[in-house]
Amino acid sequence: MMKARGVFWILLPLLLWPETGTASSLPLVMDSIIQALAELEQKMLVTEASGTASAWILSAGNSSPHNSLHQHLLQIAPSHNTLEPDPHSLSPELQALISEVARHDVQDGQEYGVVLAPDGSTVAVKPLLVGLEASLQEHTVANLSSECLATPCNAGDILTNIGAIAPGLMDASTNASLTDVGATLPNDKAKTPTTVDRLLAITLARDLSLMFLNSSQTPSPPGLGTEGCWNPLSAHRVFTLLDPKASRLTMAFLNGALDGALLGDHLSRVSKPRPPLSHLLKEYYGAGVAGDPRFRSNFRRQNGAALTSVPTLAQQVREALVLLQRLEPGHPQLQNMSQDELAQVATFATKEFIETFLGCPAILPRCRWGAAPYRGNPTPLQLPLRFLYVHHTYVPAPPCTTFQSCAANMRSMQRFHQNERHWDDIGYSFVVGSDGYVYEGRGWHWVGAHTRGHNSRGFGVAFVGNYTGSLPRDTALNTVRDLLPSCAIRAGHLQPDYKLLGHRQLVHSDCPGDALFNLLRTWPHFAEAEN
């Protein structure tokens, strides 16, 4: 069986290939990537100690990765004990597909190097691959010695020890600048960073930090975590961002970076021989790794939040910035920055990433579930609103546990609301599935049709299912009780002292079901209806 690491020595050189001129007709979906990996695993007889593949990487190509950390990571040479693989033995279509998705970029409002996963999320492939490979090269997550930071190290020495605690630098007095952004970096006695922290420093730190260098006092700059839409006429080959001014730090990029860190963390703990990567990705983007439904892409944010924190991740991001200063001495944004300034940027950027990405629910946009156009002209809401109204859909009655079923339910409800009730659109502001996702209905900015006489005063959030005698899943409950409101408050959509009510308190109805309503009465923001 092909070892996981050997496949990467074949796959990652392809991102250095010159353009082949051959366009792949394969759809840009995760299943295509898994298919490509499976074919590579079958064709290339490479062992885990694949040595000459690294020599091939060092001598390859007319193009290089954007990220200097990635570039040096991919050029570490393992031992030489196998034959050099021949990627050009693959079909031109497969070569074109891998070359296409291994480069991530944003140009003119379109995002490249991303694929649609079975769970409905879009994933940038390059940071996913880099996180996996960084884990497989075990020395890249070793502690960075204070001696290396005290005196200049060459790029090889730096990368060999990337991503760990730096007691020597942490002794610097940084508290004054860091208190401006509401957090401080820990000293050398702080909690030890996790493998996820260290891998995120490789997959994410450069793009995240550089984005905040010129806007370190502006919460959530435009473009952080921007979503997009697949052109339905392009067979999932054209992905257009909803914000044409989005940075490269898109939702797909964040998903890929986090998936690479989570799966890399898993690989670091798996006994050898490790499973084929095609098998690992099929499980992760399917029913769950090793049959665990909690360890799958649907719940990446919850899993990531449990394995990182602002202090530990900020520490790693800061170390990555120190390395970047040495790897890119001419970078205009990094030149002449003091260590205090680097620490401030690292902490602020990390805090924003954790609070606005890991700490918020994933909301799939209307285009992702196949919404029909709004009929008429929507009425804008006057934000922030004071109320959150909770519903259950009743019909569909069964909870939806996959993207396919949740998206079908959304389309069904929209057809019923538009065609039978003659509303302009689906009535709810948001709908919460049992698959780990929130589905955008009328969204944050438009008046809904969910709570008669109160639609302009609050957001209507519905759980898919009938909760007369049972409750939604804990993850769905946590989304509506904690995550969605806190992120809405942070974004200025909901008032901090908002009140939460069940639909039945304002309209003659059994909604949101007896079991769910009785639970709502115990939630912190629950309020009795105003007369």
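## Basis of the model

This is a predicted model, in which local features need pLDDT of at least 70 and side-chain atom pairs count only at pLDDT 80 or more, while totals for chains, interfaces and linings use all residues. Residues are numbered from 1 along each chain as its sequence is written, and side-chain values use heavy atoms, with hydrogens and water left out.

## The chain as a whole

The chain has 21 helices and 12 strands. Both are DSSP runs numbered from the N terminus: helices are H or I with at least four residues, strands are E with at least two.

Of the 531 residues, 58% are buried, meaning under 20% relative accessible area with a 1.4 Å probe, protein chains only. Among contacts (heavy atoms within 4.5 Å) with a separation of 6 or more, 77% are between residues 24 or more positions apart.

## Helix H6

In H6, 12 of 12 residues are buried. Among them are Lys126 and Glu133, along with Val125, Pro127 and Leu128.

## The six-stranded sheet

Six strands make an open sheet with mixed pairing, in the order S7-S10-S9-S11-S8-S12. Two strands pair if DSSP finds at least two bridges between them. S7 (363–364) and S12 (494–502) are the edge strands; each has a single partner strand, so one side of each lacks a neighbour in the sheet.

Strand S8 has seven of its eight residues buried. Five bridges link S8 to S12 in parallel, and leucine 388 has leucine 500 in S12 as its bridge partner. Six bridges link S8 to S11, also in parallel, with tyrosine 389 opposite glycine 460 in S11. Strands S9 (residues 430–432) and S11 (residues 458–463) run parallel and are joined by three bridges; valine 432 stands opposite phenylalanine 463 in S11.

## Helices on the sheet

Helix H19 (residues 403–420) packs on the sheet and touches S7, S9 and S10 (438–440), its direction making about 35° with that of S10. Such angles run from 0 to 180 degrees between N-to-C directions, with axes fitted to C-alpha atoms, for helices over the stretch in contact.

Helix H20 (residues 474–490) also packs on the sheet, touching S7, S8 (385–392), S9, S10, S11 and S12; its direction makes about 150° with that of S12.

Note on methods: Buried means under 20% relative accessible area, exposed over 50%, partly exposed in between (1.4 Å probe, protein chains only).
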